[in-house]
Amino acid sequence: MKYLRWIWHFWRPHRTWLVLLVFLTLLSSAVTIGYPLVFRYLIDALNKSLSAEVPEMAGTTTWSLVGIIAAIGLARSLAYLYPGFRAMLNAKLEMDIRQHYFSAIIEKGYRFFQKFRTGDLVTRLTDDIGGFPKIAWFSCSGIFRAIESSSKFIFCMSFMLWMNWQLALLSIAPLPVMLYIFYHVRTALGQRAADRQKIISKTNESLEAAFSGVRILKAFRGENNQSQEFRGILDKRIGVELSVIRLWMGVWNLYWGIEFVGQIIVVIAGGIMVIRGTLTLGEFYAFYVYLSLLLQPLMDIPHLFVTSRQAFASIDREIEIAETPGGTEGVYTGTAPVGLLDSVSLDGVSFRYEEGLPASLDNISLTLRKGERAAVVGAVGSGKSTLIKLVAGHLPPSQGQVVVNRKPLQSYKIDDYRNRVGYIPQEATLFSESVKENVRFGREISDRDIEESLEYAQVKREMEALPEGLNQVLGQKGLTVSGGQKQRLAIARALAGHPDLLLMDDCTASLDAENERAFWAILAERFPDAACLIVSHRLATARQADTVYVLAGGRIVGKGTHAELLATCEEYRSFLTREELKAALATAR
Amino acid sequence: MWWHLDETEEYVRRQSVRELIGKVIPLFRPHARYLFAAIGLLLLITASQLVGPLVLQHIIDVNIPANDIRGLLLAAGFYVAVATSGAAVGYLQAITLFKLGINIVTDLKSRLFNHVLHLGLDFHEQYSPGKLISRVESDTETLKDLFSDVAVNLLRNLMLFIGILTVLCIKSFSIAAFVLLLVPFLFGATFLFLTYMRKYWREWRAQWAIVTGYVTEYVQGVDIIQQFNYQDNARRRMHEVNLGKYRVEVPAMFFEYSFWSAFLYGEIIAVIIVLIIGVRGVFAGTVTLGVLVLFIEYIRQMFFPIMQLSEQLNFIQRSLVSVERIFSILETEPSVRDGKSSSEELRFEREIALENVWFAYEGEEWVLRDVSLAIKKGQKIALVGTSGGGKSTIVNLLLRFYDPQKGRVTVDGRDIRDFPIKAWRKLIGLVLQDVFLFPGNVSDNLRVFDSEVPLERVKKASAVAHANTVIERLPGQYEGELAERGVNLSVGERQLLSFARALVYDPPLLVLDEATSSVDPHTERLVQEALDRLLEGRTAVIVAHRLSTVLNADRILLVHDGVVAENGAHEELLELNGLYAKLFHLQFADFEAGKDENGGAR
C-alpha cells in the first residue's frame, strides 16, 4: 500500500494519461477477443452454406467479413501501440522521479554524504529508477500489464461462458488444480532461486578476493590451487543451477499442461457437442483459440509479482534518500539580509561529525575582519578543512556559534551569506560545461568579469589556448584540464562573485611560487577589503598573512604573525621545519 | 531488450564475426554429443508443435461430418500422445541444452579465471577487480544464455516457421503460394528495422551515459553547488539532460512498436488472402473447411516466431561483444614468463643482486634508473625513502611481478628469468603492508589453498609467528572461517597471520613491507617479537617504517627518485648527513614521539 501511494504521488501529474491507458487496455482486450469471433462467424456461415442444398455463400458475406477483419486489424494495430504509450509514461515517470530525488540530494548536508558514497547514489538515481524491471518500468508498464492480463483473462472467460458455459467450465476444470500445484511449487522455486543467488554471490566473492589479492596469490604460488577452489565452487553451482532449471521447466510444462488439457477437453467434448449439434463448428474453433489466449495472461501475472518485489526494494532505496537527514536541516533558516561582511568570527565553536566521535574542532574562537589575511596551518587531520567549512556555513557547529557582523549566522538568509563568500575547496570540482559557465556558475556575471577573474587566477591564457577558447566544454565528453588548471579555475569561480570573504582550502598548491606572489599582489590590489582565510603548507603564504593560526588536534595552539609564532610557538616551528624538509626532499635530485 | 548499457563496448578491438565464431566452435567440441542430441530433438519438438492444428483439421473434415465419435477420440488420443511426448522431449532437450551451456561456460569460466591469475601485474593494474569480475562472470553468463537458450530458440523458431509453410504448401499450394509472397517482405522489413533500431539503441546508450555522468558530477560536487547557490541551475540542467534522454527514448520506442504493429498487419493481410481465395476454394470443392481452419490457425501462429527471431538475432549480436572481450583476455600473453632452466639448478647460496636495472611501468617514465644492489645471504636490508621513490618497485622486481626493461635481477650470478617463476617465488616469503585475507578458513589462508601442506606445518609456522594464540581464540580455530577480509581480527592480529603465512614454506628470503598502522602496545610487542623471530637466520629485504628495523638492519638503502641515493649502515649514513639523516629525523623522530595524526576529519 505504501508503495502504491508512493507511485501514485508521481502518477498524479500525469493522471489524464490514465484515461488513454485504460482505453487502450480495453481496446487491446477487445480486439484480442474479437478477432477469433470473426472466424467463428465465418466458419459457421461457411458450414451452413455448405450443408445447404445449393452450396453457395453470398459474395457480399465474404467481402463484409474481409471488411470486418481489415477493420479489426486496424484496431489491433492501434492496440499494439499500447506498449509504446506505456513506455512513454515509464520515461515520464522516470524523469520525474529522478528529478525529485536529485533535487533532494543536492540540498543534503554533510551527514548524508558520509552515509552514502557517490557510486551508491548514482545507482539509486539511475539503475534503481530506470533499470528493468525497476521503479519506472513497474510503475506504469508493470501495473498496466497486470491490468491488461487480468482484463484479457476476464474477457476470454466471459466469452467462453457466454458461448457455451458447460464447455467453458469443463475446459477450465484443470485450472484450479494446476494453480494449486503451482502455488506449492513456487515456494520451492523461491528456495532454489535463493540457493542459486547464494552460490552466485559466493562465486563473486571468490573472484573479488582472488583479483584483489593477486599479489599474495602469486607470491605464494597459489594460482592453480585458487583455480581449483574456484572450479569447486563452479561445479557446485552447476548442480544448483540445474535444480533451478529443472523446477522452472517443470513449472513451464505445468502451464503448458493447463492449456493442453483444456485443449484436449475442447477437442473431445466440443467435438462430441458439434456432432450432437449442441455446438457450432465456429464455436468449436473459437474455444480452441480462446484457450490458447488464456495462457499468456496467466503466465504474466505471477511474473509481475516477482518483479514487483524488485521494484519495491528500489522504492525503499529512494525513500531512504529522502529520509536520511543531512545534519543541516533547520539550522540556517534565518531571513535577514546580509550587508557587506565586516567581521566573521567563530565563537567557542566545536564540531564533531558524529555523536560519540572525538571532536574534530574543539572550542575554536577566532575573528576575521574586513581586509584581513589569515592563514591556518597544521598537520593532516588537525581540523583545518573542517574549520573552513564551518566558516563557509557548510557545517553547523555542534557547540558555539558562527557570528557574522556581530549577529549569529542562523539569523541571516544563508544564500545571501554564501553569495558573499568565495569558497575554494581542496579538491576543485568542474562540471561538464564551458569554461565560461564553469566560472559564471549560474550567477549573473558579465563576460568581462569572467575574463578578469580568469586573469586574476592566472589561468586565462591557458584557457584561451583551448580549441574553442573560453567556450570550450570541459569534462565528461569535453576536454580534460590538468589538476592545477582545475584549481585555478575554481579560484576564478570564487573571485568572479566579488566575494567579501575568500576561503581557500590549500588551493595555492597549484600556483608556483612566482604565480602565487603575483596572485597575492592582485588580491591586495583588486580585493583590498576582502577578508581571506587560507589553509596552506607554504612558508611564503604564512609569512605574508596578518594572522596565522596553528591548529593541532582540533584546537588552536598558536596565534600571531609569522614572526611572533616563530619566536613563541614550538608547534609552529616544528611544523615549518617538517614542511621545509619535505619540500627539500621533494626537490632534491 | 534495449535497456542494457554496455559501457565497455569500445574498449575491445573489433574482430570479425567469422573470426569470433571460429573461436567459439572449439568450445563445443567436447560436448558435441549433447549438441547433436539437442538438434535432433528439436525436429521432434517442432513436429509436435505443428500437430495441433492438423488434428483439428482432421476432426473438422473427417470425424465431424461422419458423426464418428470413436474416430474423434482416436484423433484426440493421437494428439495427446504426440503432444505429451513432444513436451517430454522438450523438457529433456531444455535440460540437455542447459547442461551443455553450463558445462561449456564452467570450463570457460575456470579457464578464464586461471588465465587471469597467471597474467602479470601490469594486466591487473589495468583492470580493476570489478571489471575482471564482470568479464569472468557476466560475459560468460551471456554466453551460457546464448548456448543454452537463445541460439536453440532461434533454430526452433526458424524450424517452426519453415514447418508451418511446408505444411501449408502441402495442404493447398494455391493458397500457400500467395502467403509465401509475403515472406520476403516480412524479412526485408525486419532487417531494415533492426538496422534502424541499432542506431537508436546506440543513441539511447549515449544518452543514458550522459545522465549517469551528470548525476555523478553533481553528486560529487554537491558542496560547491550549495556554496554557490547553484541548486536551481543544477536542477534545470538535470531536467535538460533527462529530457535529452526522453527525446531519444520515446520516439525510438514508438518507432519500435509502430513497426511491430504494422508488421502484424501482415497477419491480417495473409488472413484476408486466405479468406478470399480459400472461401472460393471451399465452394469449388478444392479446399475443405478443415484446411481453411488450418490455414487460419497456422497464420495466427506464424508471426510470433519471426518477432522472436529478430530479438534473438539482436541478442546474438550483443553476445558477440562478450565473446570478443573474453577472447581478448584469453589471448593476452602473460608479460612475465617461465625460464627454460630446471628448478633444480636454482640455488641461493651467495647473493641476490640487481644489476643496472632500469624499469618503467609505462613507456619511458623510468621509476628505477640504473639501480644496482646486492643482497648477501643472511643480510638484512632496509629500504627507506619517501613514497614514490621506487621502494615498492624493487619489491615488485624481486618477486618477478614485473621484469626489468634493462639490466637483470640475479641469484648467485644467474638471471632469475632463466628459472620457472614459481620455483623462484618458492624461495621468497612475502609480507605486505596491507594484510590480505581470503574468504575461507584460517589454515587455507596460511597455506594459500595448497592442501598438500600438512596442518602440522601450518601450526608450527603459526607458533613461531605468535599467531597461534590469535587462531586458537577463534571459533573453529584452524578450520574457522574468517569473516570478510578478516574484519573479525584486529590489525595487529592480521599482521601476525601474515607473518605465519610467510613462514609456512620456510623461505630463505623474506620480503617485507612493514605496516605503518599503529596497533595497541600489547600487540605491538607481539608483532615486534614475531618479527624478530621471523628474521632470525633469514635473508631479508624490508621496506622499513619502524625505527628498530632500521637500526637492526645490516645495511640501509635510501631509494630516492629512482636511484639508490645512499647506501650503508645507520651510523655511516647519519654521518654522511645527507638525505637519510634528514629523512631519519623527519620520519622516525615523529614515530618515536608517538604522534598520532589520525584525526577524525577528512
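Let's start at a turn in chain B: G363(B) has a positive phi near 50° in the hairpin of β1(B) and β2(B), where 5 residues sit between the strands. This is a predicted model, so local features need pLDDT of at least 70 and side-chain atom pairs count only at pLDDT 80 or more, while totals for chains, interfaces and linings use all residues. Residues are numbered from 1 along each chain as its sequence is written, and chains are lettered from A and ligands numbered from 1 in the order in which they are written.

**The hairpin**
- Strands β1 (residues 351–360) and β2 (residues 366–376) of chain B pair in the antiparallel sense over 7 bridges (pairing takes at least two DSSP bridges; strands are DSSP runs of E, at least two residues, and helices runs of H or I, at least four, numbered from the N terminus).
- L354(B) has L373(B) of β2(B) as its bridge partner.

**Helix α8**
- With 54 residues, α8(B) (residues 231–284) reaches 78 Å from its first C-alpha to its last, close to the expected 80 Å (1.5 Å times one less than the number of residues).
- After α8(B) comes G285(B), with a positive phi near 85°.

**Where α2 meets α5**
- The axes of α2(B) (residues 32–63) and α5(B) (residues 129–171) come within 9 Å and cross at roughly 45° (axes are lines fitted to C-alpha atoms over the stretch in contact, with angles from 0 to 180 degrees between N-to-C directions).
- That makes α2(B) oblique to α5(B) (under 35 degrees is roughly parallel, over 145 roughly antiparallel, 65 to 115 roughly perpendicular, and the rest oblique).
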